[in-house]
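Have a look at it, then read on.

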Amino acid sequence: MSKVAKKAKSKEIKAEGKKYILRLFIAGDEPNSKQARENLEKLCETHLKGHYKVEIVDVLEDFKAALENDILLTPALLVVAPEPATIFGNLSEKEKVLAALGLTGGEV
Amino acid sequence: MITNTYKKQTKRSPTMGNELPKAATGILGLDEVLNGGIPVGRTTLVSGGPGTGKSVLGLELLYRAAVAGQPVIYVTFEERPEAVRQNALTLGWDTKPLERSGKFFLMEARVDPESVLSGAFNLKGLMAIIDGKAKAMGASLIVIDALDVLLRLFSDPAKERNELYALHDWLLDHSMTAILTVKLSKTGNVSSRYEFLDFMADCVMILDQRVVEQITTRRIRVIKYRGSDFARNEYPFVIGRNGIEIIPVSTFGLQHQALGKKVSSGHKRLDTVLDGGYRRASCVLITGPAGTGKTTIACTFVRAACQRGEKTLYVNFEESQEAMLSGMLSPGIDLRPYMQNGKLQILTAMPESMGAEEHLIRLIRAVKTFKSDYIVVDAISSCRRMGTEQDAFEFIMRLVNACKEQGVTVFLINQATGFTEEQEISGVGISSMVDTVIALRYIDIGGEVNRMMLVMKARGSKHSNQYREFLITDNGIDVVDVYVGEGGVLTGAARQEQEVKETTERLLKQQEIERKEKELAQMRATIEVESARQQEALLTAELEVEQLKLERDILANGQNKRGIMRGEDADSERLQSASARPKPKAARQRGGGK
């Protein structure tokens, strides 16, 4: 599959009927956290428009939430629904994130 | 940065002067090795292969601190909290009450293996959790166990290093006294990947576990302690019933108590040989081949000690308690009452049942808890079976040292293998730590084997250096002076024979003297009689001469009277001849006077 074709296909991926509840754990405004916020925003707008809810948790302010959810590494995206998953990192590898969200159509 | 931290540290505790503030670990022996404890507000790294005891070390340190009232945090990347609690419980540490009272926080730091990694991340979450918890609890002591598990998430060694430095800085900035444990590969050496950890941490310890000749030994070594002195050797340790115990060898040997007063050996004649008995707080080695009576000598002493109300710990590596007790009945030593009244404790173990360290720590603990005055080790020759010769040597040396330090008198029994065993008297090369050596041996003379005893070395007392005959009778031991003659030392029947011979000779000689004396007296008497007779003869002869002279004078006198009466001339021939002989003249005058 060509790069262009792949890109075109991923753009078509839409969350149909499902409600995505996401929780992004960040650590203040350190670079990776900032980047994760940006990456998530873009991804949600592209693929989950109208079907998602994102909660941002700053571990520096709320360590208990991090503790309860085993968030040792930041940034981290916790997928609460529909399928629970945890993604660590600044979400720069978009394919992996989409796969974790169940939006690749079988491709990783 | 390190220098800054150091300044910060010293500023915080001005009373300590230039000394680094340290926190005692409460782990037996470790604080001696670390010269006080781990550095306060700094990072200590504990590395080692799997199963070397890193987690236990961290757990014990925290548990002891928490029990003492200090809030602590245990972060584990490897085990489930339930497993950690269970492990702690097997060592007698119940963390649950401490967790409830907020003194102990057990955190499972697990990264779900199914989680996805996408892009760069860091340890801020972990730090936030620790920070939050530490503040809430007021904790400043933390163990992060199996940090390597977390680090494996970082694909890039450079990133891994950066994150660890960040964590380290964070711990320092928050004045946390931290212990990080890192698992090393089985080869034991610090892999280049984690070399920077050694550099980063202020204190670095390496744990190691080896199996030598089927026996496991654990060792600990401090390789670095920034700003502090520490004991540099490798120290064996055990994980016993009460946690980790380390006996640092090199710190021993300086605090021995001086040899104490004499204490009776339990046998009068043996006391004489020993110039009064054994010395307290000394080390007595009883050596000899099997059956020479080593155990009997030791038990003779044990009985006497128990009768005095003192306590003895008898360590038997050779036979069971029952076998030993009943065996001693034959020379009439009944130790059973002292078992009952608690003066005697017998500890039996197969040497190979555990490592030398475990044996050592078990014994030292037993000496302490039993408050023993004496310890008998029967026999040190069996200690070889704990591992290597070196292990046995270290075991004995450290045991003797530990006992001497506490003023406990040590009796080591050594079974020499050969029949002639002089070269083996030092056992496993321990002679330098021994104060008194009682060497037993067999001697084969005149078709009979007898026991001999020699006190070879008795530090701080004079002693007989002569061989004695050593007997084991129904009433215990006995020591007999030996016959020392031209043929050397004689014992048993040979000695008796020699003694009879000698007595006979003595008797014969006496008789001869008496006989000679009689002869002499007779001779003297004979001479006296003879001389009396001769004197008599002499006297008789003299008398005869006198008689004759008298007769002659009478005769001469008669002629003179007759001559005067006849008018004889003065110049007559008879008169002239008479005057020419003055004596007859005098005799004549005398005779004339009559």
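## Before we start

This is a predicted model, so to speak of a local feature takes a pLDDT of at least 70, side-chain atom pairs count only at pLDDT 80 or more, and totals for chains, interfaces and linings use all residues. Residues are numbered from 1 along each chain as its sequence is written, chains are lettered from A and ligands numbered from 1 in the order in which they are written, and side-chain values use heavy atoms, leaving out hydrogens and water.

## Chain A

Chain A has four helices and four strands; helices here are DSSP runs of H or I with at least four residues, strands are runs of E with at least two, and both are numbered from the N terminus. Reading from the N terminus, the order in chain A is α-β-α-β-α-β-β-α.

How much of chain A is buried? Of its 108 residues, 45% are, where buried means under 20% relative accessible area, exposed means over 50%, and partly exposed is in between (1.4 Å probe, protein chains only). Chain A exposes about 6,000 Å², with 50% of that supplied by carbon and sulfur atoms; such areas come from the Shrake-Rupley method with a 1.4 Å probe, and for residues only the protein chains shown count as cover. Now for contacts, meaning heavy atoms within 4.5 Å: among those in chain A with a separation of 6 or more, 69% are between residues 24 or more positions apart.

## Chain B

Chain B has 594 residues, and 48% of them count as buried. Its secondary structure holds 18 helices and 25 strands. About 29,000 Å² of chain B is accessible surface, and carbon and sulfur atoms account for 52% of that. Of the chain B contacts with a separation of 6 or more, 68% join residues 24 or more positions apart.

His168(B) is buried, at 2% relative accessibility. Leaving aside residues up to four places away in sequence, His168(B) touches Thr43(B), Met200(B) and Asp202(B).

## Salt bridges

Side chains of opposite charge can pair when their charged atoms come close. A salt bridge here is a side-chain nitrogen of Lys or Arg within 4 Å of a carboxyl oxygen of Asp or Glu, and the whole structure has 23 of them over all chains. One of these is between Arg365(B) and Glu245(B), at 2.5 Å from N to O. Arg365(B) is in helix α14 (residues 356–370) of chain B and Glu245(B) is in strand β12 (residues 243–246) of chain B, so the pair ties together parts 120 residues apart in sequence. Glu245(B) is buried at 7% relative accessible area, whereas Arg365(B) is partly exposed at 22%.

Next comes Arg269(B) with Asp478(B), their closest N and O atoms 3.3 Å apart. Arg269(B) is partly exposed at 45% relative accessibility, and Asp478(B) is partly exposed at 22%.

Arg336(B) is partly exposed with a relative accessible area of 39%, and Asp334(B) is partly exposed at 27%.

Which residues does a network of salt bridges link? They are Arg42(B), Asp202(B) and Arg226(B). You've met Asp202(B) already, as one of the residues that His168(B) touches.
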